[in-house]
Amino acid sequence: MGVVGVVGVVGVVGVGGVVWVYGGSGARLQFNDAATRRLEMEPPVRERKPFVGGNWKMNTNRTTSADLTRGCVDALAAIGSVETAVFPPFPYLLAVRSILRDRGSSIQLGAQDCYFRPDGAFTGEISLEMLKDCGVQLVLAGHSERRHVIGETDEIVNSKLRAILDAGLTGVLCIGETLEQREAGHTDPVNQRQLRSGLADISADAMSRVVVAYEPVWAIGTGKNATPEDAQDVHAKLRRVIAQLYNAEVAERTRIIYGGSVKASNAAELFRGADIDGGLIGGASLKAPEFAGIVKAAAGGSR
Ligand code: 13P
């Protein structure tokens, strides 16, 4: 997971939760035609800090969201080396934040969506300033349920991600192909289009606050997973697009996480790929021990 071999190590620095080890020959980005070969690369000396987020979607109530938060705080307390976040429904953000803060937890508070305008006559929408006011640190943009159920376009997703970053928060850009697109052989073009349009007009500097989540739509909530090799192949190609859009260093430090029916029992296997830096978890994040099992799997991969 998230590791790249670098020749001639000369220094280590931490940047925004990302650990860098610089090589004397400069950061080296390696893309193999057979991306899965990276599963067996030489011992790693540089890594991205794994990220695991729990997207609670439209689940929980006032009581269960508080119980789940307390359960996550306890279950995750002893697991280091992974950045974690929960994304509760809007009405429970403040209560979840209070619990996280009172318990001194390092779990970050995320929101599932936002609106890109600062204020005004947008009935039902929620601005970034409102989310910041509630202690939100990260926001999802372009989750497949927003794209396919609510009808958000690539342009709307890009506007939201830009607004999230302009507000100084971290954005989790979600992309992924539908089953129809996969069966038509369009997996790569669909994901690459969503990635390119999602990142339009986003600077290399701001990319330090972007996490990309690859969530194949057909794997979400279905119990079906991409194979570790298929997921690694997509992630490696996405990283190559980021290198084209920015440069090798930005590509190497950007975390690309996987989502879609990840469970404690399959997480280690799914996170094995060199370009898979953690996960965005739906159903399995609603049970603290299960979520903790996934976070442990991510920690196990961060050597
Ligand atoms: P499931 O883990 O329930 O498949 O959901 C994944 C997801 O959509 C996370 O954002």
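**Figure 1. Parallel pairing of strands S10 and S11 in the predicted model.** Strand S10 (residues 210–214) pairs with strand S11 in the parallel sense, and 4 bridges connect the two. Within this pairing, Val 211 lies opposite Arg 255 of S11. S11 itself comprises residues 255–259.

**Figure 2. Pairing of strand S11 with strand S12.** Strand S12, residues 278–281, runs parallel to S11 and is joined to S11 by 2 bridges. Tyr 258 has Gly 279 of S12 as its bridge partner.

**Figure 3. Burial of strand S11.** Of the 5 residues in S11, 5 are buried, and the strand is mostly covered. Arg 255, Ile 257 and Gly 259 point one way from the strand, whereas Ile 256 and Tyr 258 point the other way. The residues of both groups are all buried.

**Figure 4. Helix H8 and the elements that cover its buried residues.** Helix H8 spans residues 228–245 and contains 18 residues. From its first C-alpha to its last, H8 reaches 26 Å, close to the 26 Å expected at 1.5 Å a residue. The buried residues of H8 are Ala 231, Gln 232, Asp 233, Val 234, His 235, Ala 236, Leu 238, Arg 239 and Ile 242. The elements covering these residues include helices H7 (187–198), H9 (248–253) and H10 (267–270), together with strands S10 and S11.

**Figure 5. The buried face of helix H1.** Helix H1 is formed by residues 62–76, 15 residues that should span 21 Å at 1.5 Å a residue; the C-alpha atoms at its ends are 21 Å apart, in agreement with that value. Its buried residues are Ser 65, Leu 68, Thr 69, Cys 72 and Leu 76. Viewed down the axis of H1, the buried residues fall within an arc of 100°, and therefore line one face of the helix. An α-helix has 3.6 residues a turn, so residues three or four places apart point the same way.

**Figure 6. Residues surrounding the ligand.** The ligand is surrounded by 14 residues, of which the closest are Asn 55, Ile 220, Gly 259, Gly 282 and Gly 283. One of these, Gly 259, is also a buried residue of strand S11. By class, the shell consists of 8 polar, 5 nonpolar and 1 charged residues.

**Figure 7. Overview of the protein chain.** The chain has 303 residues, of which 44% count as buried. Its secondary structure comprises 11 helices and 12 strands. Of the contacts between residues at least 6 apart in sequence, 74% join residues at least 24 apart.

Conventions
Residues are numbered from 1 along each chain as its sequence is written. This is a predicted model: local features need pLDDT of at least 70, side-chain atom pairs count only at pLDDT 80 or more; totals for chains, interfaces and linings use all residues. A residue is buried if 20 or more other C-beta atoms lie within 10 Å of its own, exposed if 12 or fewer, and partly exposed in between; C-beta atoms are placed from the backbone. Two residues are in contact if their C-beta atoms, placed from the backbone, lie within 7 Å. A residue is near a molecule or strand if its C-beta atom, placed from the backbone, lies within 6 Å of it. Ala, Val, Leu, Ile, Met, Phe, Trp, Tyr, Cys and Pro count as nonpolar, Asp, Glu, Lys and Arg as charged, and the others, Gly among them, as polar. The expected span of a helix is 1.5 Å times one less than its number of residues. The arc is that of the directions from the helix axis to the C-beta atoms. Two strands pair if DSSP finds at least two bridges between them.
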